Number of protein chains: 2
Amino acid sequence: MKKYEIIEDHFKKKIQSGDFPVDSLLPSEYDICARFSATRTTVRKALDELLREGYIKKEHGRGSRVIERIKTLGLPSVKGFSNAMKQEGDAVFTQEPIIQKWSDQQIFALSDKEGEGDCVYFQRLRLIDQKPVLVENNWYSGSMLELVRSEEFLDGSFFKTLSQRFHIDIIGVEQEIMAKSASAEIASMLTIQEGDPVLFIAVRYQTSLEDFHIYGSWFCNTEDFPIVSNTFS
Amino acid sequence: MKKYEIIEDHFKKKIQSGDFPVDSLLPSEYDICARFSATRTTVRKALDELLREGYIKKEHGRGSRVIERIKTLGLPSVKGFSNAMKQEGDAVFTQEPIIQKWSDQQIFALSDKEGEGDCVYFQRLRLIDQKPVLVENNWYSGSMLELVRSEEFLDGSFFKTLSQRFHIDIIGVEQEIMAKSASAEIASMLTIQEGDPVLFIAVRYQTSLEDFHIYGSWFCNTEDFPIVSNTFS
DNA sequence: AAGTGGTCTAGACCACGCG
DNA sequence: GCGTGGTCTAGACCACTTT
């Protein structure tokens with residue numbers, strides 16, 4: 001294993017476990033050099049990777065600061081989420097996590113290993129200003145990861161739970177985006193009319209655990225809260 | 001100016017101008033070192049930037065190869081585009097570039113400098129397998145860039161023309177995505193029924209020319225060709 | 001075997017933030 | 001003034017590709 005990967009993994013684990021919480025500073029590059037008997041070139045390569053993967057930001061003259069990583073999880077953030085989602089009551093479980101057979105609702109094909117057993121399924125309704133804006137269906141392989149009960153979600157976040165409790169990280173996202181007419185069921189959940197246009201997004205998250213994916217299908221009412229995406233180089 | 005930026009800009013310009021066409025190899029890192037009196041650390045930093053911005057890929061043992069850069073321009077590529085768009089007749093001008101007043105069709109606010117004069121507007125209909133899938137409205141500031149006639153588009157690409165002829169590069173994208181019901185006009189262009197759900201995307205491209213943006217609004221029939229997006233770290 | 005990129009060492013000086 | 005990250009030099013050895 002390469003030395004910069006050793007350093008990178010060391011701090012990644014420390015950040016995930018909370019030893020370096022959000023907004024804290026990592027040791028200085030010189031300290032890390034001494035701790036790992038490495039030169040700054042190597043240490044900076046490791047930190048550059050953490051930077052690229054969205055774990056830290058660099059502050060010239062101050063240090064490397066741990067940041068909230070959610071924002072790097074692909075494109076779809078709903079406009080106003082970051083502000084409006086701060087208070088509680090942002091998401092409601094309309095179906096607690098249960099074990100069931102795989103349905104044919106996933107757009108993406110399952111890997112062989114995933115298809116062997118049953119899946120865990122849960123559904124949430126996300127609200128902004130008490131207004132329902134997103135119906136979120138989620139599936140993952142029950143044979144590869146135990147059922148995580150909704151009460152166990154750290155800060156209400158499934159991904160945070162995955163990362164901190166199981167050390168499984170999201171390393172990629174694939175998405176298919178379509179406009180659809182709302183079904184009666186979706187319409188009633190989003191309090192719109194049947195047949196109104198909704199945004200449908202099929203998601204597959206690739207994780208650091210081989211052959212383990214999170215599948216999602218989202219129905220969004222984009223009337224008041226369009227999906228936004230920023231990409232800057 | 002930093003030395004790695006000088007090297008980076010040098011090869012960026014050479015790539016844009018076609019001196020290093022797609023699939024060609026840049027000089028070896030050692031050659032670049034000699035040419036710029038720099039060390040490999042510095043040269044590699046410059047090449048890393050070109051890599052990150054999607055100009056080149058690295059091939060261990062062979063060299064740094066120039067790649068097609070379109071794929072890095074944000075999220076929305078239409079499924080099947082890369083295959084189906086190879087043949088001609090992929091896009092039809094439904095409105096040749098003309099100079100007109102700014103309309104209120106842009107979602108994003110104009111910068112002061114852009115709002116001073118008129119704008120250049122053009123509309124295209126994009127086809128896949130002879131089937132219309134995307135109505136594409138485009139605006140840019142006529143006071144900051146001359147009107148480019150459709151015949152002057154290099155390989156039919158406005159961005160390629162911007163880059164190679166005017167050395168203006170896309171450095172960021174903002175998008176708002178909504179589901180809408182098709183208007184009569186849009187429906188007839190996409191050969192669907194009025195009221196059918198269509199995907200609406202408002203786009204603002206940020207460019208390397210300060211305060212100069214490209215604005216777009218797209219109406220997509222996603223029935224047969226959903227929008228896809230992949231993000232991997 | 002020769003040439004390429006990938007990793008790493010051991011230093012140096014500069015620019016920024018803060019007490 | 002001191003500690004931090006940002007840039008840069010001069011060199012070494014390794015892993016991969018091609019001839």
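**Exercise 1. The surface near DNA strand D**

Which helices and strands each supply at least two residues of the surface near DNA strand D?

Solution. The model examined here is predicted. Begin with chain A, where helix H2 (29–36), helix H3 (40–52), strand E1 (56–59) and strand E2 (63–66) each supply at least two residues of this surface. The largest share, 4 residues, comes from H3(B).

Next, consider the residues themselves. DNA strand D is surrounded by 25 residues, and the closest are Glu29(A), Arg40(A), Arg44(A), Lys3(B) and Arg62(B). Sorted by class, the surface has 11 charged, 11 polar and 3 nonpolar residues.

**Exercise 2. Aromatic pairs around Phe159(A)**

Classify the pairs that Phe159(A) forms with Phe158(A) and with Tyr205(A).

Solution. A pair of aromatic rings is described by the distance of the centres and the angle of the planes. Planes over 60 degrees apart count as edge-to-face, and those under 30 degrees as stacked. Over all chains, the count comes to 28 aromatic pairs. In one of them, Phe158(A) and Phe159(A) have their centres 6.3 Å apart and their planes at 40°, and the pair is tilted. Phe159(A) and Tyr205(A) are 4.8 Å apart, centre to centre, with 75° between the planes, and this pair is edge-to-face.

Now locate the partners. Phe159(A) lies in helix H6 (residues 158–166) and Tyr205(A) in strand E8 (residues 197–207) of chain A, so their pair ties together parts that are 46 residues apart in sequence. Phe158(A) is buried at a relative accessible area of 6%, as is Tyr205(A) at 7%, whereas Phe159(A) is partly exposed at 21%.

**Exercise 3. Salt bridges**

Where in chain B do Asp118(B) and Lys101(B) lie, and what does their salt bridge join?

Solution. The structure holds 38 salt bridges over all chains. In the one between Asp118(B) and Lys101(B), the closest N and O atoms are 3.3 Å apart. Asp118(B) lies in the loop between helix H5 (112–115) and strand E5 (119–128), and Lys101(B) in the loop between strand E4 (91–100) and H5; the pair therefore ties together parts that are 17 residues apart in sequence. Asp118(B) is partly exposed, at 30% relative accessible area, while Lys101(B) is exposed, at 61%.

For another example, the side chains of Arg149(B) and Glu151(B) meet in a salt bridge at 2.5 Å, N to O. Arg149(B) is partly exposed at 45%, and Glu151(B) is exposed at 55%. Finally, salt bridges with shared partners join Glu29(A), Arg40(A), Arg44(A) and Lys58(A) into one network.

Terms used: Residues numbered from 1 in each chain as written. Chains lettered and ligands numbered in written order. Predicted model: local features only at pLDDT ≥ 70, side-chain atom pairs only at ≥ 80, totals over all residues. Heavy atoms only, no water. Phe/Tyr/Trp six-rings, centres within 6.5 Å; stacked < 30°, edge-to-face > 60°. Buried < 20%, exposed > 50% of the residue type's maximum accessible area, 1.4 Å probe, protein only. Near = heavy atom within 4 Å. Nonpolar A, V, L, I, M, F, W, Y, C, P; charged D, E, K, R; others polar. Salt bridge = Lys/Arg side-chain N within 4 Å of Asp/Glu carboxyl O.
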